Amino acid sequence: TISDFLGFEEKSAVHNRFAEWFDRGGVCFLAKLKESAAALLWAIPGGRVQISSNLAVNLNENEVLLTDESVSPVFEKTEVGVLLWTHVVEYFAKTGVMMVAVCPRKRNDRFAHLKNLGFEEDNRLRTLRVFGLKLY
């Protein structure tokens, strides 16, 4: 299960947040390598999205939030996270949906990759010291 993959208890705050995202139409993209879950990335549709206990963002109806990427420790030294982001961005680009991504400042590698995919900084999250990136 996803809770096993990420190492959290059922009915925990993280579990409840993910359950809420599923209930509102969120999609969890999962990359598999060698028959194992290697990475996942969430896509949550427009409206107010609670990312964590102290971080939320208000999205327009035509926007989707890409967040909470997780890579299994077994595959951390691979490019599976980069490949998953690329796939998800290509998928949503075909639909015409505007994408918003959350990228913590400590993830300079991810920030550079998102910039290469066409994302630009979005001021909605800047004051929270998190890179908010939007694809146009």
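User: How many aromatic pairs does a search of the whole structure find?

Analyst: In this predicted model, a search of the whole structure finds three aromatic pairs. One of them joins F29 and Y91, with 5.5 Å centre to centre and 65° between the planes, and this pair links distant parts of the chain, since F29 lies in strand β1 and Y91 in helix α3, 62 residues apart.

User: Why is the pair of F29 and Y91 called edge-to-face?

Analyst: Ring centres must lie within 6.5 Å to pair, and planes over 60 degrees apart count as edge-to-face; F29 and Y91, at 5.5 Å and 65°, are therefore an edge-to-face pair. Y91 and F92 also pair edge-to-face, at 4.9 Å and 85°, and F29, Y91 and F92 form one aromatic cluster.

User: What makes F29, buried or exposed, count as it does?

Analyst: Buried means under 20% relative accessible area, so F29, at 13%, counts as buried.

User: Which residues is F92 in contact with, leaving aside its neighbours within four places in sequence?

Analyst: F92 is in contact with F29, A43, V64, L66, V97 and M99. F92 is also among the residues with the most contacts inside the largest nonpolar core, which has 21 residues; α3 gives the most to this core, with six residues.

User: How do you know that the span of helix α3 agrees with its number of residues?

Analyst: At 1.5 Å a residue, the 16 residues of α3 should span 22 Å, and the end C-alpha atoms are 23 Å apart, which agrees.

Key. Residues numbered from 1 in each chain as written. Predicted model: local features only at pLDDT ≥ 70, side-chain atom pairs only at ≥ 80, totals over all residues. Heavy atoms only, no water. Helix = DSSP H or I, 4+ residues; strand = E, 2+ residues; numbered from the N terminus. Expected span 1.5 Å × (residues − 1). Core = buried A, V, L, I, M, F, W, Y, C linked by side-chain atoms within 4.5 Å. Buried < 20%, exposed > 50% of the residue type's maximum accessible area, 1.4 Å probe, protein only. Contact = heavy atoms within 4.5 Å. Phe/Tyr/Trp six-rings, centres within 6.5 Å; stacked < 30°, edge-to-face > 60°.
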